[in-house]
Amino acid sequence: MFSVTKITIRRLVLISTITTLASLALMIASILAPGPLLLVVAMSLGQFFGTASLVLYLLAIVLDLQGYGEHDEFGSLD
Amino acid sequence: MLKIDSTEQLLRVAALVSAVIAVLILIWYLLVRPPLGRSTKIVLLFGLGVMPLATSLAGNISGFEYTLQRSFCGSCHVMLPYTQDAADPTSHSLAAIHSRNRAFGEESCYTCHADYQMFGTMTTKLNGLRHLYYYITEYANTGPYGEGGKPIHMYKPFQNAMCTRCHSTEAPRWGKVDDHAAALDDIRKGDTKCIDCHSGEVIHPRAFAHGGNGRAPARTASNAAPAGAAKE
């Protein structure tokens, strides 16, 4: 198993933030300019990525709360 | 641009507001990159969870309403033979007759095709994507009415229930139609389908699937516009 460090956790949060922003952009676009294409994409892909990034974030929090990466040398980056 | 005069628009505004709050939180996080302490985690939970969920919930409901409109169906050109006929005040097709009724109104396709998987619920999302995929890969550049594409058919056969939720089969005048009386038991059991008789060009006359050419039929004595219909 690969070892989970504080950096891993912060990366998970970063990825989650960026994918959420992308899916929010899709959803906002589909609300402002509802067209069939945008609407279908926003209601499927947009929501899929939105949900996936929330799962990533929750995973990061669980790892963090379980104390992963507490004692590695990068701990001070936090 | 956004005027609030219906629940749908209220939902869209709510969706927008929560989306903007989420975006602000996330941009703040990307710019400041604060340590992942307890309060950061909670703020992020709003930016990554609560607010986006609110956005998609409200967006789903208003998006769902939007997909029920006949204009949505017509936004893919291959549906124009269906939607233009339904909107034609001189057409005698069942789709048009039903569409002229207020109870169907602008949602007339949905009212008869309520079990069609482009509408509503979770599976719609995947089906919508699948449709979009087929539309782009198979029906792009197929001519103004999609005449160059494959014939369009339904995923699953049309169920009597789609008609009998309004035409109960109990009405005396309905029962007096010879063909109905003869097949009544089979119709009620579903062994005989309404569309065994009421189908094809009777419903969607311009559809290529039923011998149409996408456009309005030429006017002849036998299909002349009914009295009182708009003059062309």
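**Note on the interface of chain A and chain B**

1. In this predicted model, 31 residues of chain A are in contact (heavy atoms within 4.5 Å) with 38 residues of chain B. Local features need pLDDT of at least 70 and side-chain atom pairs count only at pLDDT 80 or more, whereas totals for chains, interfaces and linings use all residues. Residues are numbered from 1 along each chain as its sequence is written, chains are lettered from A in the order in which they are written, and side-chain values use heavy atoms, with hydrogens and water left out.

2. The buried area, that is, the accessible area (1.4 Å probe) that the two parts lose on being put together, summed over both, is about 3100 Å², and carbon and sulfur atoms give 78% of this. On the side of chain A, the residues that lose the most area to chain B are Arg10(A), Ile31(A) and Tyr57(A), which together make up 19% of what that side buries.

3. The rule finds 1 salt bridge across the interface, in which the side chains of Asp64(A) and Lys41(B) meet at 2.5 Å, N to O; the criterion is a side-chain nitrogen of Lys or Arg within 4 Å of a carboxyl oxygen of Asp or Glu.

4. In chain B, helix α1 (a DSSP run of H or I, at least four residues) covers residues 7–32. Its buried residues (under 20% relative accessible area, 1.4 Å probe, protein chains only) include Leu16(B), Ala19(B), Val23(B) and Leu26(B), and what covers the buried residues of α1(B) includes α1 of chain A together with α2 (38–67) of chain B. Just after α1(B), Arg33(B) takes a positive phi of about 50°.

Terms used
Helices (H or I, at least four residues) and strands (E, at least two) are DSSP runs, numbered from the N terminus. The expected span of a helix is 1.5 Å times one less than its number of residues. Buried means under 20% relative accessible area, exposed over 50%, partly exposed in between (1.4 Å probe, protein chains only).
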